Amino acid sequence: MTTSSTRPPSARSDALERLSAALGPACLLLAILLPSAVLWNWFAIGPTRIAAQAGIALPADFLWWQWLLGTGLALTPVGFMASALLAARRCFMLFRAGRCLQRETSEVLRIFGLRVLYAGIAGLLVPTLLIAVLTGGSDPQHIRWEIHMGSSSLLAVVFGGMLAAMACVLDRAVTIAEEHAQII
């Protein structure tokens, strides 16, 4: 038997409140820092070095709109993840307030899961699109197409889908709890 199952419910509740109190602000901080880091990387390093890090050469006729579109593409997965972190923060706030078995909590958890899933999908698609945009220039014949599949993006898709499914299970549990509350 594990120690968490032998502790009284109030001790488990206190642990959840402490954990939620710590992780809620951490989610907010990460939601701010992640997009900021991507922007800093894109603007501090510059297009030539970013292209070199990706193993591509920019075309001689590289245009400013390619850089802006590339920046937007690079922000897409991290934007979904930042949005997911804000939903996670909201979920931790609900846990901290003792609102675990409620419909609002299951909805916020579902939103978190879906946004992680979207971040994973974007993480699979964006590298291919980004390389095409950066190598395109004014001559479409020089567009380079590469497919990149990272394990972190694939895991984000699975993890996000699992969280969304768990939110559906939580929603069913809330419905059952509400039905039982009406009987008693």
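Helices (H or I, at least four residues) and strands (E, at least two) are DSSP runs, numbered from the N terminus. This is a predicted model, in which local features need pLDDT of at least 70, side-chain atom pairs count only at pLDDT 80 or more, and totals for chains, interfaces and linings use all residues. Residues are numbered from 1 along each chain as its sequence is written, and side-chain values use heavy atoms, with hydrogens and water left out. The protein has six helices and zero strands.

**Overall build**
- Along the sequence, the pattern is α-α-α-α-α-α.
- The protein has 184 residues, and 33% of them count as buried (under 20% relative accessible area, with a 1.4 Å probe and protein chains only).
- Take the contacts (heavy atoms within 4.5 Å) between residues at least 6 apart in sequence: 77% of them join residues at least 24 apart.

**Nonpolar cores**
- A nonpolar core is a set of buried Ala, Val, Leu, Ile, Met, Phe, Trp, Tyr and Cys residues joined through side-chain atoms within 4.5 Å.
- The largest one holds 19 residues, of which L109 and F112 touch the most other members.
- Helices α2 (9–45), α4 (64–96), α5 (103–136) and α6 (151–183) each give two or more residues to this core.
- Helix α4 gives the largest share, nine residues.
- Leaving aside residues up to four places away in sequence, L109 touches C91, L163, A167 and L170.
- A second, separate core has 15 residues, including V38, I56, L130 and V133.

**Largest pocket**
- A pocket is an open set of points on a 1 Å grid over the protein atoms alone, where a 1.4 Å probe fits, with protein on both sides within 12 Å along at least five of seven lines.
- The largest pocket has a volume of about 360 Å³ (the space filled by probe spheres set on the points, which are joined across faces, edges and corners).
- Its lining (residues with an atom within 4 Å of a point) counts 15 residues, and W42, A74, V126, P127 and L130 lie nearest the centre.
- Helices α2, α4 and α5 each supply at least two lining residues.
- Helix α5 gives the most, with five.

**A closer look at V78**
- V78 sits in helix α4.
- V78 counts as buried because its relative accessibility is 12%.
- V78 touches L34, P35 and V38, not counting residues up to four places away in sequence.
- V78 and V38 are 40 residues apart in sequence, yet 8.0 Å apart in space, C-alpha to C-alpha.

Technical notes
Buried < 20%, exposed > 50% of the residue type's maximum accessible area, 1.4 Å probe, protein only.
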